[in-house]
Amino acid sequence: MEHTLGLIQKAHQGDKAARDQLVKENMGLVFSVAKRFTGRGTETEDLYQIGSIGLLKAIDHFDCSYQVKFSTYAVPLIAGEIKRFLRDDGMLKVSRSLKETAYRTAQIREKLEKRLGREPTIEELAKESGISREEIVLAMESAAEVESLQKPVYQSEGNDIFLEDRIEERENASERLLDRIVLQKLLLGLDQKERDLIRMRYFENKTQSEVGKLFEMSQVQVSRMEKKILKGLREKF
């Protein structure tokens, strides 16, 4: 345990050799976790590589003051990385190199935020990492998680608000109800024959010729009557 903690402390201070040694010593842990997810349509080697990213995250974020073994802390991160890959990979295929670039970019971004006291620009990330601006943008986009519409964005004693509730409605339900009430009042101002014409034309989808047969009128007469009714409704509205 002391040996591992010593390597982690050195890795946090920027010692690349210590970080590589930690990875080497814990690859068996990655392999044992990756084996649990075999048989799901993904090569074991790919699962192994994705799990390695989880191990790197565990090394970078482990707090030596934790009263747990490093392996206990690392296993959920390794498994979580693989689960996220299996979940997202079915929707959007992302190359392994792009995933690695995304992780490396995230690390550099975190360091720059601490140093600058603000979120770094794409140009600053590119300069610090030696990665092109285009690759960084692509990697950051690939790392963005797909949000569930049922994801809670606010919770308070049963008054939960979900992401789908924040999506702007193209048609407002209250406005539709108001329009319906106004239309109903306008139609009540028509005589019975006029109401029947509007009902058959716009609610029963009958043609002017079909309405004409029922009213014993020509199609032209129905057309004139319809135009007159609609003009009157528009003026009242």
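Is Arg 199 buried, partly exposed or exposed, and what is its relative accessible area? In this predicted model, whose residues are numbered from 1 along each chain as its sequence is written, local features need pLDDT of at least 70 and side-chain atom pairs count only at pLDDT 80 or more, while totals for chains, interfaces and linings use all residues. Side-chain values use heavy atoms, with hydrogens and water left out. Arg 199 is partly exposed, with a relative accessible area of 35%, where buried means under 20% relative accessible area, exposed means over 50% and partly exposed lies in between (1.4 Å probe, protein chains only).

The protein has 12 helices and two strands, helices (H or I, at least four residues) and strands (E, at least two) being DSSP runs numbered from the N terminus. From the N terminus on, the order of the elements is α-α-α-α-α-α-α-α-β-β-α-α-α-α. Of the 237 residues in the protein, 30% are buried, and the accessible surface comes to about 16600 Å², with 50% of that area belonging to carbon and sulfur atoms; accessible areas come from the Shrake-Rupley method with a 1.4 Å probe, and for residues only the protein chains shown count as cover. Among contacts with a separation of 6 or more, 50% are made by residues 24 or more positions apart, a contact being heavy atoms within 4.5 Å.

A search of the whole structure finds 11 salt bridges, each defined as a side-chain nitrogen of Lys or Arg within 4 Å of a carboxyl oxygen of Asp or Glu. One of these joins Arg 199 to Glu 204, with the closest N and O atoms 2.5 Å apart, and Glu 204 is partly exposed at a relative accessible area of 38%. In another, Arg 109 pairs with Glu 113, the closest N and O atoms being 3.9 Å apart; these two residues are separated by about one helical turn because they stand four residues apart in helix α6 (residues 96-116). Arg 109 is partly exposed, with a relative accessible area of 26%, as is Glu 113, with 33%. Arg 109, Glu 113 and Glu 119 are linked in a network of salt bridges. A further salt bridge forms between Glu 128 and Arg 115, whose closest N and O atoms are 3.2 Å apart. This pair links distant parts of the chain, as Glu 128 in helix α7 (residues 122-129) and Arg 115 in helix α6 are 13 residues apart. Glu 128 is partly exposed, with a relative accessible area of 41%, whereas Arg 115 is exposed, with 55%.

Helix α10 (residues 192-202) includes Tyr 202, and its buried residues are Asp 196, Leu 197, Ile 198, Met 200 and Arg 201. The N-terminal end of α10 is capped by Asp 191, a side-chain oxygen of which lies 3.2 Å from the backbone nitrogen of Lys 193. Tyr 202 is partly exposed, with a relative accessible area of 41%, and together with Leu 183 and Phe 203 it forms a nonpolar patch on the surface with about 310 Å² of accessible area. Such patches are made of residues with over 30% relative accessible area and no salt bridge, like charges being joined within 9 Å and nonpolar side chains (Val, Leu, Ile, Met, Phe, Trp, Tyr) within 5 Å. The side chain of Tyr 202 is also joined to that of Glu 226 by a polar contact of 2.6 Å, a term that denotes a pair of N or O atoms within 3.5 Å; within protein, one must be able to donate a hydrogen and the other to accept it, and residues adjacent in sequence count only if both atoms are side-chain atoms. Glu 226 belongs to helix α12 (residues 219-236) and is buried, at 5% relative accessibility. Apart from its neighbours within four places in sequence, Glu 226 is in contact with Leu 197, Arg 201, Tyr 202 and Gln 208.

Asn 205 is placed in the loop between α10 and α11 (208-215) and is exposed, at 63% relative accessibility. Glu 216 lies in the loop between α11 and α12 and is likewise exposed, at 75%.
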